[in-house]
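Dear colleague,

Please find below the structure that I am handing over to you. My findings follow directly after it.

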Amino acid sequence: DTYAFTLEGSATGAFSGEETSLLTFALNGSALGSERVVVDVAIPRWLRWRAARTGSAGNTVKIAVHFTRF
C-alpha cells in the first residue's frame, strides 16, 4: 500500500469544501522514514491531516503527525 499524506487548513473548521491544501508530504508510507516540511503561508485556525490509501495489500501503517507554530 502507499498513501498520500496532506495537511489542510480551514477558516471555519467545517471542512466542507472551503478548506485549502497547505502541503503534501513526499513520503508515502511504503518505507520507514520521517519528513519535516516548513509551511511558508498563513496558517488558518483549524488544521487536519489526511491519509488516502492506494493499493490492496492491507499493510498496517503507523502514522505520527506533529505540528508546531513558531
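Thr-6 counts as buried because its relative accessibility is 17%, where buried means under 20% relative accessible area, exposed over 50% and partly exposed in between (1.4 Å probe, protein chains only). This is a predicted model, in which local features need pLDDT of at least 70, side-chain atom pairs count only at pLDDT 80 or more, and totals for chains, interfaces and linings use all residues. Residues are numbered from 1 along each chain as its sequence is written, and side-chain values use heavy atoms, without hydrogens and water.

Thr-6 belongs to strand β1, residues 2-10 (strands are DSSP runs of E, at least two residues, numbered from the N terminus). Beyond its neighbours within four places in sequence, Thr-6 is in contact with residues including Leu-23, Phe-25 and Trp-49 (contact means heavy atoms within 4.5 Å).

Phe-5 is also found in strand β1 and is buried, at 11% relative accessible area. Its C-alpha atom is separated by 8.6 Å from that of Leu-23, 18 residues apart along the chain.

The structure holds two aromatic pairs (rings of Phe, Tyr and Trp, the last by its six-membered ring, pair if their centres lie within 6.5 Å; planes under 30 degrees apart count as stacked, over 60 as edge-to-face and the rest as tilted). Tyr-3 and Phe-5 are stacked, 5.7 Å centre to centre with 10 degrees between the planes. The pair of Phe-5 and Trp-49 is tilted, because the planes stand at 50 degrees, with the centres 6.5 Å apart. This pair links distant parts of the chain, as Trp-49 lies in strand β3 (residues 46-54), 44 residues from Phe-5.

Yours sincerely

Key: Helix = DSSP H or I, 4+ residues; strand = E, 2+ residues; numbered from the N terminus.
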